[in-house]
Amino acid sequence: MPAVTVENPLTLPRVVAPADAVARPVLAVTTAPSGFEGEGFPVRRAFAGINYKYLDPFIMMDQMGEVEWEAGEPKGTPWHPHRGFETVTYLIDGTFVHQDSNGGGGTIRNGDTQWMTAGSGLLHIEAPPEELVMSGGLFHGLQLWVNLPAKDKMMDPRYQDIRGGQVQLLASPDGGALLRVIAGDLDGHEGPGITHTPITMIHATVRPGAEVTLPWQADFNGLGYVLSGRGTVGAERRPVHSGQTAVFGAGSSLTVRADERQDTHAPDLEVVLLGGRPIREPMAHYGPFVMNSHTELAQAFDDFKAGRLGEVPAGKL
């Protein structure tokens with residue numbers, strides 16, 4: 001980690017927060033509990049215990065792995081439905097295959113992202129390829145769920161395949177931080193992900209002892225999840241480490257700093273920074289469906305049982 005990088009970040013466009021930017025305070029730091037998803041791959045629930053008013057428009061995020069599979073061990077998820085939101089799968093290390101009943105899908109590896117808008121509903125599956133199951137290997141990634149406003153919940157499904165080489169690469173003024181903009185805008189630089197809900201998604205690598213202060217849209221929320229390493233967040237330098245989420249308060253900039261000394265297996269501080277404009281609508285969430293009311297949830301389950309969310313493609317059971 002990471003797969004998408006450059007030898008010299010100083011060759012990249014630099015990001016500088018305005019001198020009059022208001023620093024966002026750190027409201028809380030939480031530690032993600034561990035669990036299992038799908039057919040048994042290990043995850044950390046990044047947003048567990050955080051009040052939804054600080055997450056909106058994000059619903060949940062799982063760190064998948066980091067795990068070194070033995071031969072025969074790699075696992076995925078079975079076919080399952082979704083309606084009412086978007087799923088974002090960002091693969092840092094390894095290979096994953098996605099298919100959905102709307103015809104979307106493909107293989108992602110080493111820095112690629114799959115952005116699936118479930119909208120009115122579909123079935124999909126995510127699994128390691130057969131060759132990875134046979135050989136084993138490193139697997140590490142994230143899955144993020146992004147809510148859709150009521151007006152978009154029943155839109156037609158859509159699938160985006162974002163290659164690692166397409167992300168917008170930026171740097172801090174001194175080159176101590178490499179910034180990968182996957183979606184949204186950072187200081188006028190656009191990531192390749194097309195979103196219905198206005199958000200920003202960034203994977204930052206901060207070298208030991210380096211600090212970066214980023215401009216941040218004042219009407220967005222702010223979250224930072226530590227994939228690996230140790231450091232501090234906010235101007236107050238609140239300590240954070242691997243598996244922890246920082247919740248930022250109001251303001252127009254946020255700060256991340258890497259400790260001078262890092263763990264031997266994690267030479268840098270790796271952090272995913274998220275921001276989005278809150279939807280501020282009622283949310284009814286159960287299992288694979290995210291709607292605005294319990295009536296709409298019941299309808300989603302009825303439609304799934306009746307086969308109205310799509311069929312598993314022939315030969316793909």
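Reply: The structure, a predicted model, holds 10 salt bridges. Start with Arg163. Its side chain forms a salt bridge with Asp112, and the closest N and O atoms are 2.7 Å apart. Where do the two partners sit? Arg163 lies in the loop between strand S12 (158–162) and strand S13 (168–171). Asp112 lies in the loop between strand S8 (105–109) and strand S9 (113–117). The pair therefore ties together parts that are 51 residues apart in sequence.

Is Asp112 buried or exposed? Asp112 is buried, because its relative accessible area is 6%, and the cut-off for buried is under 20%. Arg163 has a relative accessible area of 28%, so this residue counts as partly exposed.

Arg163 also meets the side chain of Asp161 in a salt bridge, at 2.6 Å from N to O. Asp161 is partly exposed, with 34% relative accessibility.

Now turn to another pair. Arg237 forms a salt bridge with Glu211. Here the closest N and O atoms are 3.5 Å apart. This pair links distant parts of the chain, 26 residues apart. Arg237 is in the loop between strand S20 (230–233) and strand S21 (238–241). Glu211 belongs to strand S18, which covers residues 211–215. How accessible are the two partners? Arg237 counts as partly exposed, at 44% relative accessibility. Glu211 is partly exposed too, with a relative accessible area of 35%.

Some salt bridges share partners. Which residues do they join into one network? The network consists of Arg83, Asp303 and Arg308.

Glu66, Glu68, Glu70 and Glu73 form a negative surface patch. Patch residues have no salt bridge. Look at Glu70 within this group. Glu70 is placed in the loop between strand S4 (58–69) and strand S5 (77–82). Why does Glu70 count as exposed? Its relative accessibility is 52%, and exposed means over 50%.

Arg237 pairs with Glu211. Arg83, Asp303 and Arg308 make up one network. Glu70 is one of the residues in the negative surface patch.

How values were computed: Residues numbered from 1 in each chain as written. Predicted model: local features only at pLDDT ≥ 70, side-chain atom pairs only at ≥ 80, totals over all residues. Heavy atoms only, no water. Patch = residues over 30% accessible without salt bridge, like charges linked within 9 Å, V, L, I, M, F, W, Y side chains within 5 Å. Areas by Shrake-Rupley, 256 points an atom, 1.4 Å probe, with all protein chains shown as cover. Salt bridge = Lys/Arg side-chain N within 4 Å of Asp/Glu carboxyl O. Lys, Arg positive; Asp, Glu negative; His and termini not counted. Charge placed at Lys NZ, Arg CZ, Asp CG, Glu CD. Helix = DSSP H or I, 4+ residues; strand = E, 2+ residues; numbered from the N terminus. Buried < 20%, exposed > 50% of the residue type's maximum accessible area, 1.4 Å probe, protein only.
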